[in-house]
Amino acid sequence: MTTAVLPRENYLNTDYRLRSWLLTTDHKRICILYLLTITMFFAIGGAFATMIRLSLVNPAGTLVSDETYNKLFTMHGIIMVFFFLVPSIPATLGNFLIPMMIGAKDVAFPKLNLASWYIFVTGGCFTLWALISGGVDTGWTFYTPFSTLSSNTNVSLAAIGIFIAGFASILTGLNFMVTIHRMRAPGMTWFRMPLFLWSMYATSLIMVLGTPVLAITLLLVAAERVLHLGIFDPSRGGDPVLFQHLFWFYSHPAVYIMIVPGMGVTSELIAAFSRKRIFGYEFVAFASLAIAVLGFLVWGHHLFVAGLSIYSAMVFSLLSYLVAIPSAIKVFNWTATLYKGSVSYATPMLYAFGFIWMFTIGGLTGLFLAALGLDVHVHDTYFVIAHFHYIMVGGAIMGYLGGLHYWWPKMTGRLYPEGWAKLGALTIFLGFNLTFFPQFILGYMGMPRRYHVYPPEFQALNVLSSAGASVLGIGYLIPLVYLLWSLKYGPIAGDNPWGAKGLEWTTTSPPPTHNFAVTPIVTEPAYNYAGEQEESRVG
Amino acid sequence: MLSGIQLFPEEASTFAPKVDALYFFLVAVSAFFVVLIAGMLLFFAIKYRRRSPNEVGAPIHGGLLLETVWTVIPLLIAMVMFVWAADLYFQAYKPPKGPAINVYVLAKQWMWKFQHMDGQREINELHIPVDQRIKLIMTSQDVIHSFFVPDFRVKMDVLPGRYRTLWFEATRVGTYHLFCSQYCGTGHSRMTGEVIVMTPEAYAAWKAGGVSGDTMATAGEKLFTNLACVTCHNAQSGARGPILTGLFNQKVALTGGHPVVADDAYLRQSIMNPGSQVVAGYQPIMPTYQGLVNEEQLLDLIEYIKTLKAMPAVPTVTTSEPDGRAVPKSSARSLPVAPSAQR
Amino acid sequence: MTSQAAVAPPRALQHHFDSLEQQRDVATLGMWIFLVTEALFFGGLFTAYLVYRSMYPHAFAVASEHTLIALGAANTAILITSSLTMALAVHAAQEGNQKSIIRFLVFTFLLGTAFLVLKGVEYTVDMRDHLLPGANFAIAGANPGHAEIFFSLYFIMTGLHAIHMIVGLSLLVVIMYMTSKGRFSKEYHAPVEVMGLYWHFVDIIWIFLFPLLYLIDRHK
Amino acid sequence: MTSEHIVPKSTYYAIFIILLVMTYTTVQVAYFDLGPWNPVAALVIAFFKASLVVLFFMHGKYSSKLIKLVILGALFWLGIMLSFTMMDYLTRFMG
């Protein structure tokens, strides 16, 4: 099937009517629905970011008013976190690949999967409504008592939007967990699974366990605003810090919802483009689970200066250092995988290198923030902004784009122009570092986050950062253009253009509705490029 | 100054060099690992580049020794960071015992108000002497703010309904940025100010010229009289309220609850929400003073109660001094004595 | 799955499963995981409750005495009984006894409705007694702010529980309809089972809410 | 995969009786002054009742290892949330 024709019948051409898309229960079509939705949200969030960076060129902040600026960064955060990053890899690549990688016809609950998308869109509509009808100015963190007693913007509406979208996240996680547990093809044991599945399982675990707590927390904020119930109201003896506990119980693990899938994608890319089994497969697999579990024990590091007891802070700091270890293990294992590999420089691999670079810097600067005495200085400054953008934008988006490029031929049946793709990857990499590296310095200099006006001595670095942002912005446009182009004009990819291992590459591109003509029977571990016979050795 | 780009803030407190030392250690460790990983990636990527289309990698599965090495070594380094940083944190967040200049800080949307013991009141400017321990007792009138002086490397969130103490000792004369670093609404980025560190002589001169009215304790005493607190809180037997002399920092037994220490927060709470913590042996009859005294007056009252150590419990009523002195530039408002001033 | 190819698949089997066994297993596991998320959803409220009860034990004790213990206890008994009838409905489903399923589901439905009616009566009395947080809130013998926090928690916790009851009742109607259409058999009755899991979970939440809200220091 | 386990009706009735008795007990206990043990008693009884419901009404006792793991997972994560949050509040005014 490597001739230059697309398979006669695939999931894309079974039915062209809109109805067949809006009522589909095919996980691959739902992936496409999510892909379109989150790309739109990414564009909106990106537009806000552009405005922020433009405003920050001038220390006097003359471009927009204080109110507008505050709404800009709030909506940038809300849209990017809850409507782009959290669903990004899980809802698109996860949806597409989980059933294919385990050799199943679909996820465990196909209708629920579609319902999740509708719930997500409904939540998105509420949030967009909040945005159009005046905006929100609390920051994406909704800290009380500002959000409950002081802000007079559409806080409740936005909170309800996120509350609803949260259920999409919960149900997606639930669906994936059950799918991985119960839908694996014969012979697909846990330790034969590609590492992407391990990372998706860990991610789902966090979604299922963390998101409900965010939901109830936002509900309490809305209840306090609308019904005047007082849970966090200091004038009644309520403790605003309790909000922060509950909020970060979800929102710290949520960072792992964004980065762990990126790690999973990177594992796939590194294996496929060095044609080699991932070094220390079991360690990388368990590191994902370790991150998911330990990630729930460290939320207090967001509260070091907020009024947390100093003894409690000490425990949270210690645990925050522990969660760094599985991340370090992963980076070392990826690096070691290249040793004696057959390394190709295809575009997805460039993204994988980019991911490792970003994640290493993002992770190491996390150590600065976990360091109690140092966090006192850098907390709530641009140092934090730079750190989490390295993880969540540098890391997660590198993983997302890398994965998208790697599986694009599978999803669409067509290849993209390699030269343009390399140029895009390079532009994004340079633009990103130019944007966010100066912010580490700004942060240590003491520039607080969410500042519209700032002292003039910070201007030079801010201008540098904004210049980087414009490069980054162009970088994001390049793939958008050539990927759309490839849909019509791209060369036919064939079933397995990369010579990669994995069940998804054994079926046609694009795959048929039920993925496989015959349910596959798995007889070998993942990434068996060397064609070894299975042996009992572990580790 | 590197062509207009500064890389580090000034070290202007005793705390700053310690934080910077830790920072440099972390930068060095990070740089080492970034170079190590990026170097290895590049080296392997070039050395083992694909040379023929059907080439595959060597069948290597892993190695327990290597895994152990790169688990244990980062763990050990991380533990060094943890202990070092935790020690610094305790230094910063546990105010040392001993003499210090106390300044009350009241944060509100969007300004910083400072009240000195001797009665100086400032907005968005804090004058302090060099080489002396300063203790800030901070509270917020509305939402959460954060007191941040980058050049001192200190920061602490300022919470409504709670008093938190931050301390530092400035080591260099000069003027330093004060930022609010916790997002607090529209004017968040304009909620900035200056900390002016002065030589002891200049500070003394500033103090002498800067008094706009009474000391905090005196202002509190006047309030105490005007609000008729003394009607109940007096030393007579059978008084309806507990005696306040020597109360500060003592353990108090409460009706139906555990004993508490009478600290700033307790005193504030007792004035604003008297019913919440009734002293054992007394009736819950005290009315709330919420709305009758503002946060600044509360600070005065608390400061007055703190001074009731060797003094008699019943304050001698003093004739109020005429407030005729020129108001210094930095103190925009002087506190009205009458409790009619509402928020 | 080769065995499935030989025999025509049962009507209830969805296309992406190999067997009814797998389908049932998936449904049960899915519901259990969903209940975990529900547990954490309420867990946030229990955390808030624990924090404030430890901060204001006195106010919580005083406020708790204003709750209507007779109605609370009666509702506890009602819910436990409804759990029994629900369990019996599942039992009937396992035995393939359609009539029994319907009968026990109707009992469950009536008991659930009775719970909500009593809860409604209780809310009315609470509001009459100025226990709804807000401008009209009034309570004697405790710090009003702290008591308001108690009653904020009371209304949110019981209110969310009541919403879960309403959802449960609606699902019961659906299951009753499906039973009446003869969808369930000895071999296939996963929806009844899953419904049962949800119903029992809502009961468990109440089992914790009852002592936490109604039974603090009643002896005083 | 586990085959279905049918619990005899008598078990359900027995559990039901125990649950009602425990409800009565918990109300009665609340009227006795046990000092700090009042909340402990109330929670122990509630936990016992909840366990009965999970194990018998919800067939937890007869379920697969995976479902038992799911139940324990829920308890574990609830435990994290409660204990780590309380760790802050209980040590806030120390030293």
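Modeller: Two residues are in contact if their C-beta atoms, placed from the backbone, lie within 7 Å. Keep in mind that this is a predicted model.

Colleague: Fine. How many residues of chain A are in contact with chain B?

Modeller: On the chain A side there are 80 residues, and they are in contact with 78 residues of chain B.

Colleague: Which helix of chain A gives the most to that side?

Modeller: Helix α10 of chain A, residues 310–338, which contributes 15 residues to the side touching chain B.

Colleague: Switching to chain B. Where is D118(B) found?

Modeller: D118(B) sits in a loop of chain B, with β2 (111–116) on one side and β3 (121–123) on the other.

Colleague: How far apart are D118(B) and P99(B)?

Modeller: Their C-alpha atoms are 16 Å apart in space, and 19 residues separate them in sequence.

Colleague: Now chain D. What helices and strands does it have?

Modeller: Chain D has 3 helices and 0 strands, running α-α-α from the N terminus.

Colleague: Is chain D compact or spread out?

Modeller: Chain D is more spread out than a compact globule, because its radius of gyration is 18 Å, well over the 12 Å that the globule rule gives for 95 residues. Along the principal axes, its C-alpha atoms fill a box of roughly 60 × 35 × 10 Å.

Colleague: What share of chain D is buried?

Modeller: Of the 95 residues in chain D, 32% are buried.

How values were computed:
Residues numbered from 1 in each chain as written. Chains lettered and ligands numbered in written order. Predicted model: local features only at pLDDT ≥ 70, side-chain atom pairs only at ≥ 80, totals over all residues. Helix = DSSP H or I, 4+ residues; strand = E, 2+ residues; numbered from the N terminus. Rg over C-alpha atoms; globule rule 2.2 N^0.38 Å. Buried ≥ 20, exposed ≤ 12 C-beta atoms within 10 Å, placed from the backbone.
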